[in-house]
Amino acid sequence: MSANAPITMSVLSARDYKSDYKPVWCPGCGDFGVLNALTKALAALKLAPEQVALIAGIGCSSRIAAYTRVYGFHGVHGRVLPLATGLAVARPDLTVLAAGGDGDGFSIGGNHFIHACRRNANLTYLVMDNAVYGMTKGQASPTTECDWTGSELTPEGPHQAPFKPLEIALAAGAPFIARAFANDPNGLARLICEAIEFPGFAMIQILSPCITYRPEQMGYKKRVHEDFQPTDRLDQAWQALVADDGFTTGLLWRAERPAYRPHAADGDPASLINSFRVE
Ligand code: SF4
């Protein structure tokens, strides 16, 4: 059987959603936990693999598309959200997932992140955040602490205030915002299920330790605490973020509003595609 051959079983386990490709992640990488959680969620929701598309960016974590037995697409750096948005709009019958890291999503793709939040296409965005560029050997990323001295390129620290994904998402209008920990696959799987079932843009920042370039992140287990209380009140969400130490997990914000649907897409994907044709 080829690595991503269709599955014909009627009841699928989490293992059935894993492809035959062996992950090349470093042993102990947090991304293994995300793969486990994602496949648990797909099995729990009983989603047919051929009805799920996983769009990934570039970086260690973006390899997850190859390791998941659903339709996958490995895009160019930072462009995961435009690709996923286009697919979600043109094929509303599919469950569309987007995945990538903090560099892919918040630096190269930072502009797309902001507009995906406000656009609110119906998709789930999983950001595996380890505050470092792992694939290119450990440079500071947008979410790196300003005093992190672990990179030879910034031996005295990047000296820049880190990007705050949840604050940016809330300010930009994302309707579903959560944070999770990669080494809690059951808790993460529950959040992924909720995000997939949410009718709009659902973003989960996943603290996913890079044990090779940020070995101190192995201490995350002692620091995470599940204290976000879901709210649809802006003042409460902002108060929670003001008090946040970066390790609060759970669903922060859920405020339903109509998901983005271009007029031409109503009911007929072909009419949407035709609407983009230049005569
Ligand atoms: Fe994971 Fe870091 Fe290794 Fe990349 S370099 S696979 S992020 S542990």
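Me: Why is Asp-244 called buried?
Reply: Buried means under 20% relative accessible area, exposed means over 50%, and partly exposed lies in between (1.4 Å probe, protein chains only). Asp-244 has 17% relative accessibility, so Asp-244 counts as buried. Keep in mind that this is a predicted model: local features need pLDDT of at least 70, side-chain atom pairs count only at pLDDT 80 or more, and totals for chains, interfaces and linings use all residues. Residues are numbered from 1 along each chain as its sequence is written, and side-chain values use heavy atoms, with hydrogens and water left out.

Me: What makes Arg-179 and Asp-244 a salt bridge?
Reply: A salt bridge needs a side-chain nitrogen of Lys or Arg within 4 Å of a carboxyl oxygen of Asp or Glu. For Arg-179 and Asp-244 the N to O distance is 2.8 Å, so the pair meets the definition. The pair links distant parts of the chain, 65 residues apart. Arg-179 is in strand β5 (residues 176–181). Strands are DSSP runs (E, at least two residues), helices are runs of H or I with at least four, and both are numbered from the N terminus.

Me: Why is Arg-179 called buried?
Reply: Its relative accessibility is 4%, so Arg-179 counts as buried.

Me: Why is Glu-256 called exposed?
Reply: Its relative accessible area is 54%, so Glu-256 is exposed. Glu-256 forms a salt bridge with Arg-254, with the closest N and O atoms 2.9 Å apart. Arg-254 stands at 27%, so Arg-254 counts as partly exposed.

Me: How do you know that Glu-145 and Arg-214 meet in a salt bridge?
Reply: Their side chains lie 3.1 Å apart, N to O. Glu-145 is partly exposed at 33%. Arg-214 is buried at 2%.

Me: Why are α3 and α5 called roughly parallel?
Reply: Angles under 35 degrees count as roughly parallel, over 145 as roughly antiparallel, 65 to 115 as roughly perpendicular and the rest as oblique. The axes of α3 (residues 80–90) and α5 cross at roughly 30 degrees and come within 9 Å. Therefore α3 and α5 are roughly parallel to each other. Axes are lines fitted to C-alpha atoms, for helices over the stretch in contact (heavy atoms within 4.5 Å), and angles run from 0 to 180 degrees between N-to-C directions.

Me: What makes Phe-106 and Phe-113 an edge-to-face pair?
Reply: Rings of Phe, Tyr and Trp (its six-membered ring) pair if their centres lie within 6.5 Å; planes under 30 degrees apart count as stacked, over 60 as edge-to-face and the rest as tilted. The structure has nine aromatic pairs. Phe-106 and Phe-113 are 5.1 Å centre to centre, with 65 degrees between the planes. The label is therefore edge-to-face.
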